[in-house]
Amino acid sequence: MSNELYVPKGTTADPHYALDIDPKLAGWTHSSLRIVELEAGGSHTFTTGDSEWIVVPLSGGCTVQVEDEVFQLLGRESVFASVTDFAYAPRDARVQIASGAGGRFALAGAKCERRLPARYGPAPEVPVEQRGSGNRTRHVRNFASADAFECDKLIAVEVITPGGNWSSYPPHKHDEHRPGEEAELEEIYYFEIDGPNGFGYQRVFPSREGGSDVLAEVRSGDAVLVPDGWHGPSIAQPGHDMYYLNVMAGPGETREWRICFHPDHTEGYR
């Protein structure tokens with residue numbers, strides 16, 4: 001199995017980002033993810049270029065300035081504590097993130113064409129759903145799903161999988177353009193595990209000959225790339241809840257999340 005899809009914590013770090021995955025590194029065309037860590041009183045400035053970005057507090061709060069607009073993000077203590085507010089920055093803009101108390105912030109990005117307005121996303125308006133049942137139960141925070149928040153290409157959601165449970169199940173894929181049935185989307189999974197020494201597992205397996213194939217043991221700060229293939233399950237260690245941030249985008253003209261479930265794993269589930 002290829003390890004190129006597994007991105008351990010620190011392997012893409014640079015002076016600006018604790019994690020930096022762009023289309024060139026991933027070998028695809030649209031999806032990006034960066035993690036910014038700020039000390040108390042710290043700030044980070046970047047230009048959005050040809051991509052739209054959402055600033056998502058992982059821990060702590062911050063001020064996000066997009067050109068002349070300023071958004072105050074209350075953030076949260078940790079990804080396991082609650083949903084969070086967020087800020088959207090369009091392409092071709094200058095953005096500054098500043099944090100008085102310090103914190104960690106995800107930048108979910110996607111190469112796009114339209115320049116939409118900068119906006120604030122309030123935490124109380126984030127749709128939250130319980131998906132699955134029994135040991136397949138997980139909690140999905142659809143803060144930037146295709147039907148919850150307008151973007152040009154970017155789709156982003158958070159998932160909390162209770163310790164011992166499976167999520168991203170049944171295995172599913174979105175690597176073909178089939179109108180009304182499946183959308184072509186590149187996907188990044190970014191993981192955090194609750195508690196010291198916690199871990200989880202992520203599986204990606206081929207949907208076509210020579211396709212993506214990885215089984216990774218993941219810990220806080222790790223990421224897994226899904227350019228194609230069936231992905232799932234995501235498995236949380238008993239006693240340790242697992243968080244992941246999903247960042248998706250693709251070349252389709254319509255921004256939509258349409259997936260195909262693996263036919264061998266759906267009986268008795270759906």
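Reader: Which residue in β18 is the bridge partner of Val204?

Author: In β18, Val204 has Val214 as its bridge partner. Before going on, a word on the source: this is a predicted model, where local features need pLDDT of at least 70, side-chain atom pairs count only at pLDDT 80 or more, and totals for chains, interfaces and linings use all residues. Residues are numbered from 1 along each chain as its sequence is written, and side-chain values use heavy atoms, with hydrogens and water left out.

Strands here are DSSP runs of E with at least two residues, numbered from the N terminus, and two of them pair if DSSP finds at least two bridges between them. Strand β17 (residues 200-205) pairs with β18 (residues 214-218) through five bridges, in the antiparallel sense. β17 is also joined to β20 (residues 230-236), again antiparallel and by five bridges. There, Val204 stands opposite His231.

Now for an open sheet of seven strands, in the order β1-β19-β16-β21-β13-β12-β11, with antiparallel pairing. β1 (6-7) and β11 (128-131) are at the edges with a single partner strand each, so one side of each has no neighbour in the sheet. β1 is joined to β19 (residues 223-226) by two bridges, and Tyr6 stands opposite Val224 there.

A pocket is found on a 1 Å grid over the protein atoms alone, as an open set of points with protein on both sides within 12 Å along at least five of seven lines; its lining residues have an atom within 4 Å of a point.

A cavity, by contrast, is a set of points where a 1.4 Å probe fits but cannot get out. There is one cavity of 30 Å³ or more, and residues including Val56, Arg141, Phe143 and Glu158 line the largest cavity.

Phe143 also brings us to the packing. A nonpolar core is a set of buried Ala, Val, Leu, Ile, Met, Phe, Trp, Tyr and Cys residues joined through side-chain atoms within 4.5 Å, where buried means under 20% relative accessible area, exposed over 50% and partly exposed in between (1.4 Å probe, protein chains only). The largest core has 49 residues, and Leu33, Ile54 and Phe143 have the most contacts inside it. Its largest share, six residues, comes from β21 (residues 242-249).

Finally, the cysteines. With a disulfide taken as a pair of cysteine sulfur atoms within 2.5 Å, the count is zero. For Cys62 the nearest cysteine sulfur belongs to Cys151, 17 Å away; Cys62 is buried, at 2% relative accessibility. Cys112 is in no disulfide either, with the sulfur of Cys151 8.9 Å away, and Cys112 counts as buried at 5%.

Key:
Helix = DSSP H or I, 4+ residues; strand = E, 2+ residues; numbered from the N terminus. Points joined across faces, edges and corners; volume = space filled by probe spheres on them.
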